[in-house]
Amino acid sequence: MTTPIFRFAPSPNGSLHLGHALSALLNWDLALATGGRLLVRLEDIDPERCRPELIQPLLDDLAWLGLEWELPVRRQSQHMADYTQALQRLTDLDLLYPCYASRPEINEAAVHGQWLRTPDGAPRVPGQGSILTNTETARRAAVGVPAVQRLNMAAALQRLPAMPPIRVFNPAAPLAPATLRSADPAVWGDVVLARKIVPTSYHLAVVVDDALQDVTHIVRGTDMEAATGLHRLLQSLLGLPAPATYHHRLLLAADGAKLAKSRGSLSLSSMRAAGVTPVEIRCRAGLPPARTAASA
């Protein structure tokens, strides 16, 4: 039987908080329970937000929690060629197009067109030519205006006889046959797969990485459920395997909002400095006492 491979993939754009601890510990616990492997991946493709000096503190937090992972740690910023290759495959399938519109132009078109929103709150671009005319697109291309690369969602879905389902595993029996759930990538519209200054996006990079690292089980929060449908589409288009998934509950702040770096949620490092122990972190995250490799 194939050895289960789990991964925890944070971004070095701030300090880890209790919500990250929950996700990381669930991945670690399941790796131990199944005799599997744990990988840590750094999703650092955003040069404006990710900072190299935050990497070691992040890894220190994970080690303090009791996690053990395989080396080397994959940094997405060092593997752009992998994502460029995937983009070229989608280009060869005639599924990408350049979009030269600015954010204000997209927002204005969304208002006038009464566009729906994507799961992450952005305007759902309904198709090529919905923002700029062909003439304006050609003019901007001729003068070298930077463009993002968007997936032609309608064309992508037409290439599939049927949208493949998402495989969902039960954390109480992670090696049992997964159940199937329908995927709905259309809610993302013509999603961006490569940015203006970075030749990829989160959605493209994550499916490429999971395939290259042979990940078999993905454990992440329920806030990523909608993205899983898009990832299933990209896996199918690129001929990549589809790991089984499990979406865990989110930890919420006192005001009911999910914990987030951007909201200044209490960091693991500050809790550690205040004398909180890893055992207490597990308790606060609602997890049972830690397993060990010997007891797994």
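Predicted model: local features only at pLDDT ≥ 70, side-chain atom pairs only at ≥ 80, totals over all residues.
Packing comes first. The largest nonpolar core is built from 36 residues, and those with the most contacts inside it are Leu 18, Leu 62, Leu 65, Leu 67, Trp 69 and Ile 281. The biggest contribution is that of α1, at ten residues. Setting aside neighbours within four places in sequence, Leu 62 is in contact with Phe 8, Leu 16, Ala 24, Val 40, Leu 67 and Trp 69. Apart from this core there is another one, made of 30 residues, with Leu 87, Leu 160, Leu 237 and Leu 238 among them.

Of its 17 residues, 16 are buried, so α1 is largely enclosed by the rest of the structure. Its geometry also checks out: at 1.5 Å a residue, the 17 residues of α1 should span 24 Å, and the C-alpha atoms at its ends do sit 24 Å apart. Just after α1 comes Gly 35, with a positive phi of about 65°.

With a threshold of 30 Å³ or more, the count is one cavity, and the largest cavity holds about 90 Å³ of space. Its lining takes in 13 residues, and the ones nearest the centre are Thr 228, Arg 232, Gln 235, Pro 243 and Thr 245. Two or more lining residues come from each of β6 (166-168), α7 (202-212), β9 (217-221) and α8 (225-238). Of these, α8 has the largest share of the lining, with four residues.

Finally, a loop residue. Ala 178 is found in the loop between β6 and β7 (179-181). Its relative accessibility is 24%, so Ala 178 falls in the partly exposed class, given that buried means under 20% and exposed over 50%. Ala 178 and Val 168 are ten residues apart along the chain, yet their C-alpha atoms are separated by 5.2 Å. Once residues up to four places away in sequence are left out, Ala 178 touches Arg 167, Val 168 and Phe 169.

Note on methods: Residues numbered from 1 in each chain as written. Heavy atoms only, no water. Core = buried A, V, L, I, M, F, W, Y, C linked by side-chain atoms within 4.5 Å. Buried < 20%, exposed > 50% of the residue type's maximum accessible area, 1.4 Å probe, protein only. Contact = heavy atoms within 4.5 Å. 1 Å grid on protein atoms, 1.4 Å probe; cavity = no way out; pocket = protein on both sides within 12 Å on 5 of 7 lines; lining within 4 Å. Points joined across faces, edges and corners; volume = space filled by probe spheres on them. Expected span 1.5 Å × (residues − 1).
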